[in-house]
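Visitor: I'd like to learn how to read a structure like this one. Could you take me through it feature by feature?

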Amino acid sequence: MGQANTLPTEKGRSNAGGPSKNGQKKSEKDINDNNPPALYEKRRRWHPKRVWGRFRQMKWAVLIALLGIYYIAPWIRWDRGADAANQAILVDFTEGRIYFFALEFWQQEFYYITGILILAALGLFLATALLGRVWCGFACPQTVWTDFFIWVERFIEGDRAARIRLDAAPWSTSKIAKRTLKHIIWLLIALVTGGAWIAYFVDAPTLVSDIANFTVSGNTLFFVGLFTATTYLLAGFAREQVCTYMCPWPRIQASMTDEDSLLVTYEVPRGEPRAKPSRDGNYDDRGHCIDCNNCVVVCPTGIDIRDGNQLECIGCGLCIDACDNVMDKIGLPRGLISYDSVNRMNARQHNEKPKHKIFRPRTVIYAVLMVAVAAIMGYVLSTRAHLDVNILRDRNPMFVLMKDGSIQNGYTFKILNKTREHREYVLTLDGLVGAGMKIAGDNAETDTLMLTSEPDSVRSYKLYVSAPKSVLNGRESTKVLFTLTETGARENQETAQYESVFVGPKKR
Amino acid sequence: MAEDKKIDPIAGVETTGHSWDGIQELDNPMPRWWLWVFYATIAFSVVYMVMYPSVPLGKTYFKGTENYEQRVDVANDIAAAKAANSEILGKIAAADLETILADKDLRDFSRAGGKAVFLDNCAGCHGSGATGGPGYPNLADDDWIWGGDLAAINETINHGIRWDLDDDTRLSEMPNFGADEILESSDINNVSEYVLSLSGQEHDATAATNGAVVFEEQCVACHGEGGVGDQGVGAPALADAIWLHGDGSKEFLTKQLTNARHGQMPAWDDRLDETTIKMLTIYVHTLGGGQ
């Protein structure tokens, strides 16, 4: 702080004393004197102060839970048989598989990820409509790791005042020692974070033993290094700048909240006019805000919540904790700053009973959409087949005239066997009387074909189907239906069908 | 527009003076770190120019301290691909054609490799879908002039057809019955009608009966009894639905009888290695008409 605040006074909030949003403010005089504004602005160092309270506790709980899940999840084992990965959560790029406990997805089924992303987006919309940017304040990785890094910083360098002093102090042995220790610990956390991220994509124990034995591949090393560097830079240095400048969410959130959304709010009518603490404890003729500035110094993004709802606010509620602590001390009711909605505040001002509407068109629509998407995904997942067929009809040539006058079409027939067993099938064709099928390389045509597929793989067959020209009746294109029926001794036999067309010459 | 600039009362920041429907643009300064990133990219480009090929110098160029060449990369990639394929190519080289066709892995590899070679070398005449065109046989059907089993296809690719540079090339010639005055024009007319009758097309029955006699004398030796063709001498079947040089009409038949046309195909054994020709054979055989 300490900057001359030349903000034109408005709405009686110029004496906030908080950090201005921009380091270099200009006055009308500067412009009139034709001094151009600075093209670049130096980063304003911001050291949030420690705070105790409900929301701080909640943030710690969420942080421990999320980091715990993140670091432990790749180590959970899941037995899938001898020749399959035994990691519970694994995205295997080389094999094109995503494993999630009992579920196993092929790359062809990536649409499930789309479903999860849609659910996540709707969940974010719903949370924002109800509670503003709680995702940003509590669960976003940027917030979680920044919190973690600041905790380390405070442990080594001390709280806000000590850190500001250390920043300003000349370089000394103790300053160098503190800074070195801090960066080493940050880098270690970042390294473990980057390594843990890679462990979701390769076998975690193998990764660790490879790193320990210096046999890790350059590719893996690059990604571990990349995520180490980004964690270190984003959580150690960029911090709230990511939220303010890089993330699109603050710009979008304005359209996601409404008059009933619970946002971190300073209750202006109760707080203003603010003044220093009353000596006699009488707050009847003044605002309850004692201008202690605690809400500002604890803010992780360095804003003054008393300026109103603003895009830098991540809705973490730490200013609420700070203010509640002060209100307790001076004997005023809590909640000068609270999760509050515009409608509730207006109601209180008009001495009506404040109502909180959870069920509003937008929340209901988000919730209904979420339930619908989840239901569709659940249905698709529960009826997911372990047998799939893809057929590509040859387009060059579209068809071939054979010497006996019949017409032949070529198809690439792919069988996706998602089980870990060898399977046998019989392939039949409907829709084309007198048609014969053969596999490329065979001489004789038959009505049905016996096909097989290996465990956990795609088997591709080149098929030829031929039919007498008379059957086509002059039609250029005839619908045909391939039916693949499982035979053999396996349990839970499946059937797959695929519709395609059989093409003949244009009638002349 | 400088006179329009003013301090925005809420943000306390100077505006650019631009206004759209009353919405004004703030002129916030860029963050300093952004400038550093910009300087870093400039530094990177200088380092890059020193290390990698960068500056043109007349007909040559500055090669950089790393001596990097993309051609070397390509050569390495090709060598790596060859090394990766060497095992299965060795198997294909060692196996006979029937074995390759029966083995799923060898057949799939041969079809893929054969297709690439086909598109590079054969598609010019036979077409990218191997369906040929007038004068160029369709390889996807089951009408084979010189034989459609593995051995015959392999032989044709190796030695070509009517290819003078190869001693083992496939040779045969249809006489110019008209141009060399071997047959009267009336006989040519009658034979044409007879051939039309062989493939079940509309024809003049009387002329066809007369033509049958001439066919018996002049054509049977190569095209066989009833025009079934003879793959040993490359005589096409005349009794089926497929025609090489035309559409099987009377006009076409008369033309061919008067001035015979013959196709020609190069021998490939001096251009492609044996393994490649084996893969090509498997590809052609599995196009839909192999026998």
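Guide: Let's start with how elements get their names: helices (H or I, at least four residues) and strands (E, at least two) are DSSP runs, numbered from the N terminus. This is a predicted model, where local features need pLDDT of at least 70, side-chain atom pairs count only at pLDDT 80 or more, and totals for chains, interfaces and linings use all residues. Residues are numbered from 1 along each chain as its sequence is written, chains are lettered from A and ligands numbered from 1 in the order in which they are written, and side-chain values use heavy atoms, with hydrogens and water left out.

Visitor: Where does His245(B) lie?

Guide: His245(B) sits in the loop between α9 (220-223) and α10 (250-258) of chain B.

Visitor: Is His245(B) buried or exposed?

Guide: Buried means under 20% relative accessible area, exposed over 50%, partly exposed in between (1.4 Å probe, protein chains only). His245(B) has a relative accessible area of 13%, so it counts as buried.

Visitor: What does His245(B) touch?

Guide: Contact means heavy atoms within 4.5 Å. Not counting residues up to four places away in sequence, His245(B) touches several residues, including Pro134(B), Phe252(B) and Arg261(B). A polar atom of the His245(B) side chain also lies 3.5 Å from the backbone oxygen of Arg261(B).

Visitor: And His159(B), where is that found?

Guide: In helix α6 (residues 150-159) of chain B. His159(B) is buried, with a relative accessible area of 15%. Thr169(B) is 10 residues away from His159(B) in sequence, yet their C-alpha atoms are 4.7 Å apart. Leaving aside neighbours within four places in sequence, His159(B) is in contact with Asp166(B), Asp168(B), Thr169(B), Ala267(B) and Asp269(B).

Visitor: Now the interface. How many residues does each chain bring to the contact?

Guide: Chain A gives 33 residues and chain B gives 39 residues. Buried area is the accessible area (1.4 Å probe) that two parts lose on being put together, summed over both. For chain A and chain B that comes to about 3,100 Å², with 56% of it on carbon and sulfur atoms.

Visitor: How many salt bridges cross the interface of chain A and chain B?

Guide: A salt bridge is a side-chain nitrogen of Lys or Arg within 4 Å of a carboxyl oxygen of Asp or Glu. Across this interface, the rule finds 0 salt bridges.

Visitor: Which strands pair between the two chains?

Guide: Two strands pair if DSSP finds at least two bridges between them. Here β1(A) and strand β3 (residues 30-31) of chain B pair in the parallel sense over 2 bridges. Glu41(A) stands opposite Pro31(B) in β3(B).

Note on methods. A polar contact is a pair of N or O atoms within 3.5 Å; within protein, one must be able to donate a hydrogen and the other to accept it, and residues adjacent in sequence count only if both atoms are side-chain atoms.
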